[in-house]
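Please keep the sequence and the coordinates in view while reading.

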Amino acid sequence: LILVFIMKDNGIELEVDGCVHCGHTSVTSFSLVDGGFVCHKHQTPQDVQMSIEALKAIRHIYKTPMAHIDTLSIDESVLKEILFIFEYYIDEYCGIYLNALRFVKEWI
Ligand SMILES: [Zn+2]
């Protein structure tokens, strides 16, 4: 959630309501290039195929306001599956190195 907050603060928005191309809500993977969910029809080999739990968790984390951080409950294995997505955007677009990131990784 901290990473998502930093992303939004830096103007990085993700499409987590449906397919980034057609808006279809039945999604199967995540496109780092296009910044959001992708449906079966628009999926390319570059997209990251994920479990439905992981996709739901991404949306959940993304939509939860910072003030409701205590309401977040995500399985540890799912968190490990999705953390790299937020790391990717922080690394690629925010241009900041986070000491906190190391802490977050050690914590999960
Ligand atoms: Zn689509």
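The text below treats the metal site, the strands, the charged pairs and a surface patch in turn.

This is a predicted model, in which local features need pLDDT of at least 70 and side-chain atom pairs count only at pLDDT 80 or more, while totals for chains, interfaces and linings use all residues. Residues are numbered from 1 along each chain as its sequence is written, and side-chain values use heavy atoms, with hydrogens and water left out.

**Metal site**

Four residues coordinate the zinc ion, at 2.0 to 2.3 Å: Cys19, Cys22 and Cys39 through SG, and His42 through ND1. Donors are N, O and S atoms within 2.8 Å of the metal (3.2 Å for Na, K and Ca); water is not among the atoms, so sites may look incomplete. Along the chain, the donors of the zinc ion have the spacing C-x2-C-x16-C-x2-H. The angles among the four donor atoms are 101 to 116 degrees, and the site is tetrahedral; four donors count as such if all angles lie between 85 and 135 degrees. Cys19 is buried, at 3% relative accessibility, whereas Cys22 is partly exposed at 43%. Buried means under 20% relative accessible area, exposed over 50%, and partly exposed in between, with a 1.4 Å probe and protein chains only.

**Strands**

An open sheet of three strands has the order β2-β1-β3, with antiparallel pairing. Its edge strands, β2 (36-39) and β3 (48-49), each pair on one side only. Helices (H or I, at least four residues) and strands (E, at least two) are DSSP runs, numbered from the N terminus; two strands pair if DSSP finds at least two bridges between them. Strand β1 (residues 27-31) runs antiparallel to β2 and is joined to β2 by four bridges. Opposite Phe30 stands Phe37 in β2, and opposite Ser31 stands Gly36 in β2. β1 and β2 form a hairpin with four residues between them, and Gly35 in the turn has a positive phi of about 70 degrees.

**Salt bridges**

The whole structure contains three salt bridges, each defined as a side-chain nitrogen of Lys or Arg within 4 Å of a carboxyl oxygen of Asp or Glu.

| Pair | N to O distance |
|---|---|
| Asp17 and Arg59 | 2.8 Å |
| Lys63 and Asp17 | 3.0 Å |
| Glu76 and Lys80 | 3.9 Å |

Asp17 lies in the loop between α1 and β1 and Arg59 in helix α2 (residues 52-63), so this pair ties together parts that are 42 residues apart in sequence. Lys63 also lies in helix α2, so the pair of Lys63 with Asp17 ties together parts that are 46 residues apart in sequence. Asp17 is partly exposed at 41% relative accessibility, Arg59 is partly exposed at 36%, and Lys63 is partly exposed at 43%. Through shared partners, salt bridges join Asp17, Arg59 and Lys63 into one network. Glu76 and Lys80 both lie in helix α3 (residues 76-94), four residues apart, about one turn of the helix.

**Surface patch**

Ile2, Phe5, Met66 and Ile69 form a nonpolar patch on the surface, with about 350 Å² of accessible area together. Patches are made of residues with over 30% relative accessible area and no salt bridge; like charges are joined within 9 Å and nonpolar side chains (Val, Leu, Ile, Met, Phe, Trp, Tyr) within 5 Å. Accessible areas come from the Shrake-Rupley method with a 1.4 Å probe; for residues, only the protein chains shown count as cover. Phe5 belongs to helix α1 (residues 2-9) and is partly exposed, at 45% relative accessibility.

Key
Tetrahedral: all angles 85-135°; square planar, octahedral: opposite > 155°, others 65-115°.
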